[in-house]
Amino acid sequence: MKNNNKIIAANWKMNGSEELMKEFSQLTRAKRNDIIICPPFTFLDSAKTILPDFIKIGAQNCSEEEKGAFTGEISASMLQEKSVSHVLIGHSERRTLFNETDDIILKKVKTAIKSKLTPIVCIGETLSEKEANKTLQVLDSQINGSLAKIEPNEQVIVAYEPVWAIGTGLRPDENEIKETHLYIKTKLNQHFDTDIPILYGGSANSENCSQILSIDNVGGLLVGGASLKKHDFNAICNC
Ligand code: PEP
C-alpha cells in the first residue's frame with residue numbers, strides 16, 4: 001500500500017451476513033483511500049469472491065500459536081491461505097473480554113508477520129485511565145509491551161482507539177487526537193525504520209471522517225458500527 005494513501009479498515013466484529021457481503025459488492029472504488037474489510041472468519045471465503053478486487057480482506061484475530069492442540073483457534077498461516085492480507089490484533093474487546101495481554105499481543109503480531117500478514121495493532125486508553133490523565137502513559141506501556149519488541153524493519157499498522165469512544169458516539173476532540181497521534185508517531189519513529197500508519201478508531205462515521213482524516217498524523221480510520229451500513233461505509237471510503 002502506498003504511504004500517502006489513507007487506510008480505511010472496517011471491523012464487522014461478530015456481525016454481518018452473506019446478504020450484507022453482497023450489498024458491499026457495490027462499493028465504489030475509493031480514489032485516495034486503501035480499503036480493508038475484516039468480516040468474521042466464516043465470511044472470509046465469500047469476501048474474497050464477492051467483494052470488488054480493490055478491497056483487501058482482513059481477519060479480526062489470530063492465534064498466538066502456529067499449530068497444534070488449540071481447540072477453536074485459527075492460525076495466521078490458515079488466514080494467509082484464505083488470501084487474507086491483514087489481521088486486527090489486540091482490539092480492546094479482545095484485551096478486556098478475552099484477557100489478551102501485551103505479551104499475547106506481541107506473540108500474535110510475530111506469528112502474523114511470519115505468515116506475511118500485516119498486523120493492525122490496536123492501542124488505547126479506557127475512560128478511567130483518561131480521567132486519571134494516564135492516556136500517554138498507557139499508550140507508552142502498550143507500545144513498549146508489543147510494538148517496540150518487533151523488528152524495526154517490519155510492516156505494521158497501528159490503530160489508536162480510545163476505548164471510551166468505541167461504539168459510544170463519543171470522540172476525543174481534534175486537539176486530543178492530534179496530541180495522541182503525534183505522541184504515538186514520535187514513539188514509533190524511534191523504533192521503526194519506516195513510517196508506520198496510525199489509524200484513528202472510535203465512533204468514526206460518514207459525517208466526521210473528513211475532519212478526522214485531516215488531522216496531522218492520522219493515517220486512516222478503523223470503523224466499527226458505521227462499517228456495517230453500505231451507504232455510510234461507501235461515503236467513508238470516499239472521504
Ligand atoms: C471498533 O470497534 O474498532 C470501532 C472503532 O467501533 P466504532 O466505530 O463502532 O466505535
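## Basis of the report

Contact means heavy atoms within 4.5 Å. The model is predicted, with local features requiring pLDDT of at least 70 and side-chain atom pairs counted only at pLDDT 80 or more, while totals for chains, interfaces and linings use all residues. Residues are numbered from 1 along each chain as its sequence is written, and side-chain values use heavy atoms, with hydrogens and water left out.

S46 belongs to helix α2 (residues 44-50); helices (H or I, at least four residues) and strands (E, at least two) are DSSP runs, numbered from the N terminus. With a relative accessible area of 10%, S46 is buried, a term that denotes under 20% relative accessible area (1.4 Å probe, protein chains only). Leaving aside residues up to four places away in sequence, S46 touches E18, M21 and L51. With E18 there is also a polar contact between the two side chains, at 3.2 Å. A polar contact is a pair of N or O atoms within 3.5 Å; within protein, one must be able to donate a hydrogen and the other to accept it, and residues adjacent in sequence count only if both atoms are side-chain atoms.

D34, in strand β2 (residues 33-38), is likewise buried, at a relative accessible area of 16%. The side chain of D34 forms a polar contact with the side chain of N5 (3.2 Å).

## Helix α5

Just after α5, K116 adopts a positive phi of about 65°.

## Ligand surroundings

The ligand is surrounded by 14 residues, the closest being K13, E161, G167, S203 and G224; a residue is near a molecule if one of its heavy atoms lies within 4 Å of it. The shell comprises four nonpolar, eight polar and two charged residues.

An oxygen atom of the ligand lies 2.6 Å from an N or O atom in the side chain of K13. The protein covers 96% of the 290 Å² of accessible area that the ligand has on its own, as given by the Shrake-Rupley method with a 1.4 Å probe.

Technical notes: Ala, Val, Leu, Ile, Met, Phe, Trp, Tyr, Cys and Pro count as nonpolar, Asp, Glu, Lys and Arg as charged, and the others, Gly among them, as polar. Buried means under 20% relative accessible area, exposed over 50%, partly exposed in between (1.4 Å probe, protein chains only).
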